[in-house]
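Trainee: I am new to this structure. Could you walk me through it?
Mentor: Gladly, let us take it one question at a time.

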Amino acid sequence: MNRFLDRVVEYVNSVEGINRLKLCVVFPTRRACLIFRDRLAGASGKTTWSPSIMSIGDFLAAHTQQRIINGAELLLELYPVYKKHWPQTDYSTYYPWGKMLITDFNDIDKQLVDPDKLFTGIRDLRSIEALFLPDSEELQWLKDFSASLNEKELSKLQSGFMQTWDKLPKIYNDLNAVLSGKGLTYEGMAYRTLCRELSSKKAKLSHDHFVFAGFYGLSRSEEKMISDLKEMHPVQVFWDTDSYYMNYKHMEAGRYFRRSPLVKVEPPKSSDNILSKEKAITITGVPQKTGMARFAGSILKEIPDAFTSDTAIILPDESLLPMVLNSIPESSGDINVTMGYPMDGTAVYSFVKYLYNLHRHGKKGSGDSVRFYHRYVHDILSQPVAGSLVNNFAGQHDHLFMSAAQIKEKYSFGQAEILFKDITAPDDVITYMIMVLEYIADADNKGLSGRLNKLCLESAYSEIKKLQDLIKPYLSDIDVNTAWQMVIEAIRSLRIPLSGEPVKGLQIMGFLETRTLDFKNLIILSMNESALPGSKHSHSYIPFSLRKAWGIPTRDESDSTYAYHFYRLLHQAENVHYVYDTSAGTKPGGEVSRYLLQIEHELANNTGNKSNIVQQFLNFKMPVEKDQAITIPKTEKIVNKLIQRFGADGNEYHFLSPSALSSYINCKLQFYLKYVAKIKEQEEFEDEIDSAKFGSILHHVMEQLYHPFEGKTLNASDIAAMIPLIGNHVNKAVEHVLKTRREQLTGNNMLQVGAVEIFVKRLLERDIQDEAIEIIALEKAFLTEKKINGSTIKVGGKFDRVDKVNHTTRIIDYKTGYISLSSPIDLDKIFTLPEKKSLFQLYFYNYIHQKLHSDQTSVAGFYQIKQVASGIQFPKVKETEYEALIIDFGERLDKLIAEIFDTDVPFSKTSELANCTYCPYKDICHR
């Protein structure tokens, strides 16, 4: 295999009469430098001096007298300059705009664009028309943009853009003046300065012979730097090209070579490797990221020399790294992860983000300590990083917001105040993060047993300490939220170096790290459009048209770069596996990369038999279990359990209620699991006030309002006097049901509680319309007894309200949903259809009350909250038929209860799938 780096090695060893100490070899990446150094040493065959070998970034730093800064440090240096022009702007507002400005300034400088000409009055086309050739493509871009601003009256948006645009050259010049005064610079300006010094022959060079190898898409400043060096010293440029994309003008992979003035001076000698060498190319569609990673592991098993430097796994989506590492076959050979472990895919980074969410959603009442939203408390304490911090991870709780003291007690977390504390100032964020990272690192934590997690903590700690020193002068302008964003950004950008032999074994790397490197066997994952070439878009102050006009890179240049490096990997490859995600709706996923379509339709047609291209799909067949009947015999032992639970001698709160009987009607097996096996339903503490919580709050308010009058008779004035008390009772009900104060609620929950207050007021106003109301009972259980096989069984229900109006006893049940009572009564359906459970409850209540109070005339009805104006809804039954209906209901009820205790009737799974829709046990039945 004729590797590109070997050709550079051959050149260095073949040139005679040069002092190697004065030779400088420059590559795009440090990775390429490392491999080249090893290849050069191996090819020399003797002890000899090594030339200087450095990446382009290191070359720039070595020839720049000022210190190059970036990231947070550069943002902080720009801030005072920015604030001069927008004095009212705080750091939080500035932060995203500052990042955009720095990117633009870097682009302007690297392309050697004159900022004064770029930022000139673009509405006056004549003032800059002379800068371009009369028919140039660039001038047309500028004309199109200028036309959009030549209207007589600019829109508000256009006017705002022009005002901002006019300030940019001043900000640019002021920033460079500030940095120069401090001996600082940024990458783009360092390039511009070096080009200026080379042109004037003032640059201090430590070498007199240069080699630039493996570059693509050089900026104008990089091209000029090489051109100026050529005028002073021997310079050899190695391009790595192939005739396949150089000879076809439609192929974006060769765009830079066809346009670059530097390339035109010395055109590259393109190889013909892509079309002439035999290649086995397999394109495989696999569902999900995990599927791709596992498939990569299976491919390695089929490659004889998989664990040598001839094989590479390429990850355009670097989040796949953990899954790929876990999928590598056991007893494998050497592995080297060149890309480092991205911090944003680690448990430590997730933990920091959860901390941010925790504090961002914290609530603080007047004179009260901060309380934290239950979901974020759960997220924090369930993280692997939290590990053994808590002694009792309860998981579920009944508080919407929790204080540090409550968390400490609930989770047996002795030092809860370290994580769950009030943060009110930006410097608190930094000191808090340092303290938390120290605490986690020192904790005896099973989740941190791996070396990787410890390295992540150490790296995060070191980065936050640096940030602490950087932001000290700006604390008065930074708010808490911005400080958090800076912390997260600082940690997110970190990469954790992994141990490995750099020049040996299977290579696992990011896509752009492959520059200048050649491999015999390639496995490239995430071959989806959203990963390769990717969908990242950088925001810019400089409109697209102006970028095109002034030759500042756009998305087109980025796509060209990705295309080149994609095809460059095919130069020497013999076995190539492209794997893409077939899962729709994933990121990346679904849409196959355009490069694979080019392989399929263009390369296949041009190579003839030289390339064997195979396409396949890998699907994981999921076993489908047949719906099997489940029947549990009703033994004497089980019947005795039921008697113990519902018998007269059992717990006073256990009785056959309408809900228990409805459960049996719905599914006999469901009744068994809940009341015999006593398998509790999975409790979930919902963030939003659902219908159950809504009903609980409303019931509690109504009970408390009427409670002082229990056993008394109310008139209209008594009820009217309750209306001003509604708000206070709603507040108490919220604390009782949600375990939090009403003022701590947000969003939809606030609206729901407001709706409760409105509905309660309407209920009271409707009750005022009745004559005197005697309140008999509120939220009281009414029980009767049934004799079953010599045992006494308690049967009954808890009535929301029992009152008396005009000598008629009313059993009232508040309903937040809608129930139709207009259809004719069909007791057969009531005792067989689960959807009739509300009607079953209604007649059940009436039956129980008449059993207990046969001397009273009673009727049960629903107070439907959303139809309060209609009053209490009673069954549409003639009064003369009602008594017979209740008697019939009672007889059917006796048969139903007798069946529950009948050993000849087993507990079986319902055959009606619709009954399983909301069943909490449907997973047990595989439904």
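Trainee: How much space lies in the second largest pocket?
Mentor: This is a predicted model, where local features need pLDDT of at least 70 and side-chain atom pairs 80 or more, while totals for chains, interfaces and linings use all residues. Residues are numbered from 1 along each chain, and side-chain values use heavy atoms, without hydrogens and water. A pocket is an open set of points on a 1 Å grid over the protein atoms alone, where a 1.4 Å probe fits, with protein on both sides within 12 Å along at least five of seven lines. With volume taken as the space filled by probe spheres set on the points, the second largest pocket holds about 1,800 Å³.

Trainee: Which residues that line it are the closest to its centre?
Mentor: Lining residues have an atom within 4 Å of a point. Of the 40 in the lining of the second largest pocket, the closest to its centre are Ser659, Lys674, Lys815, Lys837 and Gln841.

Trainee: Which residues have the most contacts inside the largest nonpolar core?
Mentor: A nonpolar core joins buried (under 20% relative accessible area, 1.4 Å probe, protein chains only) Ala, Val, Leu, Ile, Met, Phe, Trp, Tyr and Cys residues through side-chain atoms within 4.5 Å. The largest has 150 residues, and those with the most contacts inside it are Leu419, Phe420 and Leu698.

Trainee: Is Cys456 buried or exposed?
Mentor: A search of the whole structure finds zero disulfides (cysteine sulfur pairs within 2.5 Å). Cys195 has a relative accessible area of 2% and is buried. Because its relative accessibility is 0%, Cys456 also counts as buried.

How values were computed. Buried < 20%, exposed > 50% of the residue type's maximum accessible area, 1.4 Å probe, protein only.
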